[in-house]
Amino acid sequence: MTRPIRVKVDGLREIANALHTQLPAATSKNVMLRVLKKRAKPIAATAEAQVAVKTGDLKKSITVSTKLTKRQRRQHKKMHRDEVDVFVGPGSDPAGHLQEFGSSKHPAQPFMRPAWDAHESTLLEGIGEDMWAEIEKASARLARKAAKAAKG
């Protein structure tokens, strides 16, 4: 059984803690989700373009989501309640697994790993840039709300 690619970035927990102290919990979590989804979309687009079989549902099933199928949830053990997870890949169709890793009768034709490799080097830097931009936007929104509440 293959394992999903996991990326652990040092410092994100500290950013999350800072977000939670500066912004409401729901806002900080939404900031992180927006950034991660935005940065995961190019990976999904590259994977779609690299699927060897251009017809069928496999290409259409590649998504960026915070949800997993029932089978995928069994494999993914969430470590902390405050973590934000974003998943990129095909849905529950076993064709995705067979295409990526092959079988005894079908050679592997990877599409997810090459997509990850193509974007890995710019991903973390982009997350940092987008995170600061989103934090600034969220802070400005909260300041406008506070100013409006003080007037009214």
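These legends accompany views of a predicted model.

View 1. Along the sequence, the elements run α-α-α-β-α-β-α-α. The protein has 152 residues, and 30% of them count as buried. Its exposed surface comes to about 10,400 Å². Carbon and sulfur atoms supply 57% of that area. Take the contacts between residues at least 6 apart in sequence: 63% of these join residues at least 24 apart.

**View 2. Lys 70, Arg 71, Arg 73 and Arg 74 form a positive surface patch.** One of these residues, Arg 74, belongs to helix α4. Helix α4 spans residues 70-75.

**View 3. Arg 74 is an exposed residue of the patch.** The relative accessible area of Arg 74 is 53%. Exposed means over 50%, so Arg 74 falls in that class.

**View 4. Thr 46 is a buried residue of helix α2.** Helix α2 covers residues 25-50. Thr 46 has a relative accessibility of 18%. Buried means under 20%, so Thr 46 qualifies.

**View 5. Thr 46 touches Ala 115 and His 119.** Neighbours of Thr 46 within four places in sequence are left aside here. Thr 46 itself sits in helix α2 and counts as buried.

Conventions. Residues numbered from 1 in each chain as written. Predicted model: local features only at pLDDT ≥ 70, side-chain atom pairs only at ≥ 80, totals over all residues. Heavy atoms only, no water. Patch = residues over 30% accessible without salt bridge, like charges linked within 9 Å, V, L, I, M, F, W, Y side chains within 5 Å. Areas by Shrake-Rupley, 256 points an atom, 1.4 Å probe, with all protein chains shown as cover. Salt bridge = Lys/Arg side-chain N within 4 Å of Asp/Glu carboxyl O. Lys, Arg positive; Asp, Glu negative; His and termini not counted. Charge placed at Lys NZ, Arg CZ, Asp CG, Glu CD. Helix = DSSP H or I, 4+ residues; strand = E, 2+ residues; numbered from the N terminus. Buried < 20%, exposed > 50% of the residue type's maximum accessible area, 1.4 Å probe, protein only. Contact = heavy atoms within 4.5 Å.
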